[in-house]
Amino acid sequence: MNARVTMRTNINKTAAIKNQLKVCILSVKYNIMREMLNRVTFLTNIIFMMLNNAAFLIQWNILFHLKKNIGGYTIREVMLLWALSASSYGLAHLLFARVFSLHELIINGKLDSYLVQPKNVLLSIMTSATKTSSIGDLLYGLGIVCIFCFSFRNLLLFLLFTVTGATILTAYALLMGSLSFWFVRADMVGSHLVDSMVNFSTYPDGIFKGAVKFVLYLIIPTGMSIYLPVHIMVNFHMGRLLIVLGFMLLLLTAAVFTFYRGLRRYSSSNLTAARL
């Protein structure tokens with residue numbers, strides 16, 4: 001009897017997880033469809049984002065004409081760096097854009113409309129908005145890899161590290177945003193740290209030394225999301241791959257735990273709001 005009850009419980013949990021995932025996928029889908037209502041704006045945002053990223057290629061080409069090696073990176077490694085940074089940023093903002101403004105929802109007491117919904121609170125928040133211009137970042141990253149560094153192995157690793165990079169960036173933004181449950185002005189520090197993580201990801205880690213490098217690997221985890229994956233793509237090492245995956249899971253667990261712990265402290269703004 002106990003075995004049957006346990007089996008039914010497990011089946012119900014599995015079904016609930018599948019339903020939550022379906023709802024999240026539909027939420028992302030409808031967010032993108034809503035943005036596509038104005039197709040001219042939609043396509044323009046994507047194209048200009050790709051052109052904006054491509055402009056930096058000119059800068060790096062000039063630098064590498066002056067010096068063949070910068071911080072231990074050649075032009076090929078820098079292209080991988082930019083591709084992975086852009087695609088990770090793009091995927092994170094395409095699927096989970098709301099996480100990057102979580103502090104605003106907390107400080108202004110606007111989580112009420114998410115708390116009354118039957119689906120998971122965190123997933124509901126994470127998938128409630130999208131940034132369509134980030135599609136340009138994602139396509140740009142894929143294009144750079146296919147043009148400058150294409151191989152079947154590189155493509156597979158690039159897709160894997162795009163997911164891990166986006167997950168680490170999202171988890172870090174969630175962790176920083178959740179601090180607003182405790183500290184009123186935590187949004188200022190958190191936003192700067194998340195922005196720094198993105199900004200540092202476009203520079204070779206070889207130019208940073210000592211304490212700065214330590215910070216970029218553990219305090220602002222650019223190293224785990226971008227630098228180490230690039231090194232793995234250049235010179236594959238299974239141990240390093242496991243470190244990246246382990247760090248991703250650890251940071252994601254810490255971020256989710258911090259969010260739900262902080263949610264207990266949340267005070268409603270008593271605003272009447274509805275989400276369609």
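**Figure 1. The largest nonpolar core of this predicted model has 73 residues.** Among its members, those with the most contacts inside the core are Leu111, Ile125, Phe161, Tyr227 and Phe259. A nonpolar core is a set of buried Ala, Val, Leu, Ile, Met, Phe, Trp, Tyr and Cys residues joined through side-chain atoms within 4.5 Å. Buried stands for under 20% relative accessible area, exposed for over 50%, and partly exposed for what lies in between, with a 1.4 Å probe and protein chains only. Of the 276 residues of the protein chain, 46% are buried. Because this is a predicted model, local features need pLDDT of at least 70 and side-chain atom pairs count only at pLDDT 80 or more, while totals for chains, interfaces and linings use all residues. Residues are numbered from 1 along each chain as its sequence is written, and side-chain values use heavy atoms, leaving out hydrogens and water.

Figure 2. You can find Thr258 in helix 12 (residues 238-263); helices are DSSP runs of H or I with at least four residues, numbered from the N terminus. Thr258 counts as buried because its relative accessibility is 14%.

**Figure 3. The largest cavity holds about 90 Å³ of space.** On a 1 Å grid over the protein atoms alone, a cavity is a set of points where a 1.4 Å probe fits but cannot get out, and lining residues have an atom within 4 Å of a point. A volume is the space filled by probe spheres set on the points, which are joined across faces, edges and corners. The lining includes Ser85, Tyr89, Met197 and Thr222. Helix 3 (75-96), helix 8 (152-178), helix 9 (186-200) and helix 11 (222-234) each give two or more residues to this lining. Its residues divide into five nonpolar, six polar and no charged.

**Figure 4. The second largest pocket has a volume of about 270 Å³.** Of its 14 lining residues, Asn53, Trp82, Ser85, Val198 and Thr202 are the closest to its centre. Two or more lining residues come from each of helix 2 (39-66), helix 3 and helix 9. A pocket is an open set of points with protein on both sides within 12 Å along at least five of seven lines.

Key. Nonpolar A, V, L, I, M, F, W, Y, C, P; charged D, E, K, R; others polar.
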